[in-house]
Amino acid sequence: MVSSQRWQSFITFKGFERDLTPVYNQAQLMVLTSQYEGFNLGILEGLSHGVPVVAYDIKYGPATMITDGENGRLITPNNLVELGKVILTLLQHPKQLAKMSERAYGNSSRFSEAMIWQRWNDHVIQPDIQAMRGVTTNGNAYHVIG
């Protein structure tokens with residue numbers, strides 16, 4: 001695609017990198033053009049380094065982490081024209097990109113180890129403990145089984 005569109009002068013594929021921290025720390029923008037994703041760790045890593053993400057609004061992944069216009073942009077899937085316009089607009093407006101970068105840090109904290117552990121504890125561990133004690137929850141009230 002890059003060569004057929006003659007984009008080689010401004011798109012370079014760098015190959016495999018063992019440590020992406022320096023790459024994320026220098027990046028202005030991350031672009032994800034997947035057709036299908038689960039929970040994409042690349043998006044989360046980019047956001048945690050303050051890199052706004054432009055991605056296709058596909059099922060299950062990007063919209064979980066990207067708030068359109070806040071910490072990145074969600075694009076209609078397979079719309080290369082829209083994708084190009086959004087990337088160009090963001091790169092031409094560094095103040096807007098900087099605001100998105102600031103918001104990227106905050107948004108990614110929802111997926112920190114502490115936050116995930118708290119959710120896991122609240123929704124899995126505590127209900128299991130209650131079930132082992134013979135107690136179930138119904139709303140906020142506990143009811144003894146049997």
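Okay, let's start with Glu37. Leaving out anything within four places in sequence, Glu37 is in contact with Leu32, Ile58, Lys59, Tyr60, Gly61 and Pro62. And before I go on, keep in mind that this is a predicted model.

So where does Glu37 sit? You'll find Glu37 in the loop between β1, residues 30-32, and α2, residues 41-48. Now, what is the nearest side chain of opposite charge to Glu37? That's Lys59, and Lys59 is 15 Å away. Glu37 is buried and has no salt bridge.

Then, just past the end of α2, Gly50 has a positive phi of about 80°.

Staying with phi for a minute. As a rule, most residues other than glycine have a negative phi. In this model, Tyr60 has a positive phi of about 80°, and Tyr60 is not a glycine. Tyr60 is in the loop between β2, residues 53-56, and α3, residues 62-65. Buried or exposed? Tyr60 is exposed, because its relative accessible area is 57% and the cut-off for exposed is over 50%.

Asn78 is another one to look at: not a glycine, and with a positive phi of about 65°. Asn78 is in the loop between β3, residues 72-75, and α4.

On to salt bridges. How many are there? The count comes to two. One is between the side chains of Asp68 and Arg73, at 2.7 Å from N to O. Asp68 counts as partly exposed, because its relative accessibility is 39%. Arg73 is partly exposed as well, at 24%.

The other salt bridge joins the side chains of Glu70 and Arg103, at 3.3 Å from N to O. This pair links distant parts of the chain, 33 residues apart, with Glu70 in the loop between α3 and β3 and Arg103 in helix α5, residues 94-108. Glu70 has a relative accessible area of 35%, so it's partly exposed. Arg103 is partly exposed too, with 36%.

Last item, the largest pocket. Its volume is about 1,200 Å³. The lining is made up of 25 residues, and the ones nearest the centre are Ile11, Thr12, Phe13, Val31 and Ile87. Which element gives the most to that lining? It's α4, with five residues. At least two lining residues each come from α1, residues 21-26, from β1, and from α4, residues 80-92.

Key. Residues numbered from 1 in each chain as written. Predicted model: local features only at pLDDT ≥ 70, side-chain atom pairs only at ≥ 80, totals over all residues. Heavy atoms only, no water. Helix = DSSP H or I, 4+ residues; strand = E, 2+ residues; numbered from the N terminus. Buried < 20%, exposed > 50% of the residue type's maximum accessible area, 1.4 Å probe, protein only. Lys, Arg positive; Asp, Glu negative; His and termini not counted. Salt bridge = Lys/Arg side-chain N within 4 Å of Asp/Glu carboxyl O. Contact = heavy atoms within 4.5 Å. 1 Å grid on protein atoms, 1.4 Å probe; cavity = no way out; pocket = protein on both sides within 12 Å on 5 of 7 lines; lining within 4 Å. Points joined across faces, edges and corners; volume = space filled by probe spheres on them.
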